[in-house]
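Let's take a walk through this model together, starting with the overall fold and ending at individual side chains.

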Amino acid sequence: MPFTIHEYHDLVNLLEEHADWRDELRRLLLPSELMSDMRALTASQRRLDERIEAIAAAQDRNDQQIASLAEDIKALTIAQNRTNQQIQELILAQRRTDERLASFEKVQQRLVTDVAVLKTDVAVLKTDVA
């Protein structure tokens, strides 16, 4: 019995209208192993899709954390630059302090010398008066 194109299109139309007929035809035409494999593949694809969605969400969180860390690093860099500038200012202030201290030491040394001279002069005067 020949099967015409017109009959084929009728069959297609009927199968589109009746899902249960499609399932029955699929069961008759496809081996059960293939159907089992298709179900397993479909389930595996669903799990893979879920994992990809989870990975994408995790990547979004990582991107947000990286952006936050970049902002933190920028703020720390600015703070470090301020600290470096303050340290340079402290170094200059310490140099000025060291210079002033050296100057004071010279003045004190002259005072010690002058006091020693004065003590000698006073001692000589005391012996001359006595």
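What pattern does the protein follow when read along the sequence? The pattern is α-α-α, and the protein holds three helices and zero strands. Helices here are DSSP runs of H or I with at least four residues, strands are runs of E with at least two, and both are numbered from the N terminus.

Before going further, a word on the source: this is a predicted model, in which local features need pLDDT of at least 70 and side-chain atom pairs count only at pLDDT 80 or more, while totals for chains, interfaces and linings use all residues. Residues are numbered from 1 along each chain as its sequence is written, and side-chain values use heavy atoms, with hydrogens and water left out.

Now step back and look at the overall form. Along the principal axes, the C-alpha atoms fill a box of roughly 160 × 25 × 20 Å. Leucine 125 sits in helix H3, which covers residues 32-129. With a relative accessibility of 53%, leucine 125 counts as exposed.

The surface comes next. Buried means under 20% relative accessible area, exposed over 50%, and partly exposed in between, using a 1.4 Å probe and protein chains only.

Let's finish with the charged side chains. Side chains of opposite charge can pair when their charged atoms come close. How many salt bridges does a search of the whole structure find? It finds two, where a salt bridge is a side-chain nitrogen of Lys or Arg within 4 Å of a carboxyl oxygen of Asp or Glu.

One joins arginine 26 to aspartate 23, at 2.9 Å from N to O. These residues are three apart in helix H2 (residues 19-29), so about one helical turn separates them. Arginine 26 is partly exposed at 35%, and aspartate 23 is partly exposed at 43%.

The other links arginine 27 with glutamate 24, at 2.4 Å from N to O. Arginine 27 and glutamate 24 are also three residues apart in helix H2, and therefore about one helical turn apart. Here arginine 27 counts as exposed at 53%, whereas glutamate 24 is partly exposed at 37%.
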